[in-house]
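Student: I have not seen this structure before. Please show it to me, and then let us work through it.

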Amino acid sequence: MSNRRNFLKYSGLAAGSFILPVSVSGSETSTMIKKKTGKPASMKLRFRPYDLQLNHVFTIANSSRTTTPVMLTEIEYDGLIGYGEASMPPYLGESQKTAAEFLSKVDLSSFSDPFELEDIIAYIDSLAVGNHAAKASVDIALHDLVGKIVQQPWHKLWGLNRTKTPNTSFTIGIDTPEVVKEKVREADIYKILKVKLGRENDKEMIKTIRSVTDKPICVDVNQGWKDKQMALDMIQWLAAQGVVFIEQPMSKLAVDDIAWLTQNSPLPIIADEAVQTINDVAAASKIYSGINIKLMKCGGMRNAWKMANMAKALGMKVMIGCMTETSCAISAAAQLSPLADWADLDGNLLIGNDIYEGTKVVNGKITLSDLPGIGIRLK
Ligand code: MG
C-alpha cells in the first residue's frame, strides 16, 4: 500500500472507525541489514490513533475538554518491539490526521540499525517543520527499542540514579470549591499539588485548597495574567501561601515583562509555552529561572536530554512535564526525571483507558520500573 493510500485510510478513521491494523504495510518502513546469521532484519514502523478518556473535565485558562487524541507507534526490529506515542491536545495544532500524514513519510531504509539515534532523529526532524509530537512518537519508540536490545532502561544508559526521581505534582483542575476540595482529598498520596490559575478566581482557588491541605503547590498560569505589576502582587501573595514556583505567568511574547517579573519575583519563574525546543533554551536563560521540558514539545527523549543538560549548564532549573498521555510517554519522560528539580508527570493518572503499565507513583514519588528501554509493557 502506498504511503498516500495509507494516509487516506487513516483519514477515514477520523469518522469514528477505530480498528487496530495489526500490520499495515504502507505504515511500515523497512531497513534491510544482514544479521550475523545472514538473515535480513528490518525496522517496521506502525501507528494507530487512540483517544484518551479523561477522568475529569480538564480546564485551563482558555479551554476545557474530556478527551485527548494520541497516536500510538511501534517500531519492530529483530523480534523486539519499541513503543512510542504522540499526544496532541488540540491547542498545540497537531492531530491524528497530521501525525498519520507525517509518519507516512518516514523511510528508515538508509539507516543500518536503531542505534544510529543521532542520525535517525536528525532525519526525522528534517521531514517537515513542526510535528513535534509525531516526531516524539518515533524517537520514543526508537529509544525503547535500543534499550530493549541492550536490556537496560534509559536512566541507566544516561548514568542517572533511579533513587533521585522527584515527587510528581498532581494537577487540581479549575472547578467549584466543593469539587476542588474533593479532588484535593483524592490526591492524598501526592506530596505536591499543581494548580492552573489565570482566571478571575485565582485567590479563591488557592484559599479553597488551603482550607483542606498545607501541601506545597506549584502554579501554572498558562500565559493567563495580563499585567506585570498585578502578576508580581499575585506572586508575592502566592509565596506567602506556600507556592513553590510559577509557570508561564504571562504571554510568551511579553518578554520584557517576564524578565522584569523574574528579577523581582520571590519565586522561580518557569518557561513552558515560551520554550519548545533546544533552540529556545539560550534565549530563555536571560528571561526565566527555569524551563519545563516536555517530550511532545521538543520532539522526544534525545532532545529532552540535551535540553536538560543545556539548561543546567546555563544555571537554570529543570522541570519535566507532560500532556495527558498513556504510561508510554510518561514512562519515557520519567527516565529523565532524576535530572529534574521538579516533575509534573501525572498525565497517565488523569485518564481511564491507559493500555500500558510502567512508571508508578509510590507515596507521591516517581518510581521507575525495572523493565528495559522506556520501562513499560502492555497491560
Ligand atoms: Mg504549563
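Tutor: First, some terms. Buried means under 20% relative accessible area, exposed over 50%, and partly exposed in between (1.4 Å probe, protein chains only). Helices (H or I, at least four residues) and strands (E, at least two) are DSSP runs, numbered from the N terminus. This is a predicted model: local features need pLDDT of at least 70, side-chain atom pairs count only at pLDDT 80 or more, and totals for chains, interfaces and linings use all residues. Residues are numbered from 1 along each chain as its sequence is written, and side-chain values use heavy atoms, with hydrogens and water left out.

Student: Which residues of S8 point the other way from Ile217 and Val219?

Tutor: In a regular strand the side chains alternate between the two faces of the sheet. In S8, the side chains on both sides are buried. Opposite to Ile217 and Val219 point Cys218 and Asp220.

Student: Which residues coordinate the magnesium ion?

Tutor: Donors are N, O and S atoms within 2.8 Å of the metal (3.2 Å for Na, K and Ca); water is not among the atoms, so sites may look incomplete. Here the distances are 2.1 to 2.2 Å. The donors are Asp220 (OD), Glu247 (OE) and Asp272 (OD).

Student: Why does glutamate 247 count as buried?

Tutor: Aspartate 220 counts as buried because its relative accessibility is 0%. Glutamate 247 also counts as buried, because its relative accessibility is 1%.

Student: What is the bridge partner of cysteine 218 in S9?

Tutor: Two strands pair if DSSP finds at least two bridges between them. S8 and S9 pair in the parallel sense, over four bridges. The partner of cysteine 218 is phenylalanine 245.
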